[in-house]
Amino acid sequence: MGKIKYGSQTYPWQMNYEKFHGKVPHMSDVIVQAGFTGMEAEICMLEEYYRDWQRLKNLLDEKQLSFAALAVHEDWILPEETEEERLRLDEAIAFLKHFPSAKLVLCHVAADPVRERNLYEKQKNQMKCITAAARRAAAEGIVSVFHPNSGPGSVFRCEQDYSVMFETLYAQGIGYAPDIGHMLNGGIDPLKIIKEHRELVQHVHFKDMTPDHAWTTMGTGIGDFRSVVDFLDESGYSGWIMTEDESPDAVRDSDGVVLADGSYMSRIRK
């Protein structure tokens with residue numbers, strides 16, 4: 001049996017935000033039922049559990065679940081963090097101090113709808129802000145990982161963009177969180193990139209995509225997840241793989257999608 005750990009992100013329920021925000025006990029029950037042992041959460045889905053870390057810890061201990069990671073999304077488009085970005089990040093760091101094994105997943109928001117406008121400047125600015133955030137987290141014993149997205153305005157979308165990203169991650173000792181779905185959406189070979197930069201990989205997201213670039217439930221698209229799992233296992237990876245379904249099925253049935261993702265992962269995991 002391999003050392004990889006498997007969990008679920010709360011994003012499938014965020015697709016039905018009005019119904020599920022703050023429903024951490026319910027999400028936890030479904031995650032357990034799906035056969036996962038960890039949760040990664042979006043701040044907006046935790047609600048009062050974000051303000052009361054002890055309540056969250058007690059709940060997850062009862063369910064025998066680990067709090068694996070907290071996802072933070074910011075614009076980070078200026079040369080320095082804005083006061084609001086810095087304060088929100090510092091709140092996240094204070095929260096994670098109570099979950100010392102959890103990762104801080106830094107995700108960027110595509111604030112400028114015109115991707116190519118001052119692209120390199122935006123990339124360098126974002127990396128400066130990510131570096132500042134990761135340093136503050138490291139000072140509190142928290143490990144940060146950068147998670148590039150693939151929306152139309154994303155400044156780290158294709159392989160050429162990634163060269164700028166990796167330059168900073170290596171230089172600053174910041175971890176990398178590859179997302180298979182976002183890589184596929186950006187025309188990137190996920191296994192190739194993960195192999196080339198394995199030393200940086202400290203957290204992983206799985207979601208699937210159709211050939212025409214539409215999100216789909218795990219195992220029904222073009223993602224070669226088994227090969228990624230095999231390589232990570234062979235290379236000694238012992239971190240988390242998180243499923244993060246964004247398919248239309250998650251809108252129709254968030255619980256059902258998480259259960260389906262768990263069933264799929266049970267067939268390919270090590």
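**Strands, helices and a pocket**

Tutor: Strands E3 and E4 pair in the parallel sense over six bridges. Two strands pair if DSSP finds at least two bridges between them. Helices (H or I, at least four residues) and strands (E, at least two) are DSSP runs, numbered from the N terminus.

Student: Where did the model come from, and how are residues numbered?
Tutor: This is a predicted model, where local features need pLDDT of at least 70, side-chain atom pairs count only at pLDDT 80 or more, and totals for chains, interfaces and linings use all residues. Residues are numbered from 1 along each chain as its sequence is written, and side-chain values use heavy atoms, with hydrogens and water left out.

Student: Back to E4: which residue there is the bridge partner of His 73?
Tutor: That's Cys 107.

Student: And how many residues of E4 are buried?
Tutor: Six of its six. Buried means under 20% relative accessible area, exposed over 50%, and partly exposed in between (1.4 Å probe, protein chains only). Lys 103, Val 105 and Cys 107 are covered on one side of E4, and Leu 104, Leu 106 and His 108 on the other.

Student: OK, what's the order of strands in the sheet?
Tutor: It's an open sheet of eight strands, E6-E5-E4-E3-E2-E1-E10-E7, with parallel pairing. The edge strands are E6 (175-176) and E7 (204-206), and each of them pairs on one side only.

Student: What holds strands together in general?
Tutor: Strands of a sheet pair through backbone hydrogen bonds, either parallel or antiparallel.

Student: How many bridges link E2 and E3?
Tutor: Five, between E2 (residues 38-42) and E3 (residues 66-74), again in the parallel sense. Ala 41 stands opposite Leu 70 in E3.

Student: Which helix packs against E3?
Tutor: Helix H7 (residues 83-96) touches E3 and strand E4 (103-108), and its direction makes about 175° with that of E3. Contact means heavy atoms within 4.5 Å. Axes are lines fitted to C-alpha atoms, for helices over the stretch in contact, and angles run from 0 to 180 degrees between N-to-C directions. Helix H8 (residues 119-139) packs on the sheet too, touching E4 and strand E5 (143-147), at about 160° to the direction of E5.

Student: New topic: what's the volume of the largest pocket?
Tutor: About 150 Å³. On a 1 Å grid over the protein atoms alone, a pocket is an open set of points where a 1.4 Å probe fits, with protein on both sides within 12 Å along at least five of seven lines; lining residues have an atom within 4 Å of a point. Grid points are joined across faces, edges and corners, and a volume is the space filled by probe spheres set on the points.

Student: Which element gives the most to its lining?
Tutor: E3, with four residues. The lining includes Tyr 50, His 73, Glu 74 and Arg 88.

Student: Is Trp 76 buried or exposed, and why?
Tutor: Trp 76 counts as buried because its relative accessibility is 0%.

Student: And Gln 64, buried or exposed?
Tutor: Gln 64 has 72% relative accessibility, so that one counts as exposed. Phi of Gln 64 is near 60°, also positive, and Gln 64 lies in the loop between helix H6 (53-63) and E3.
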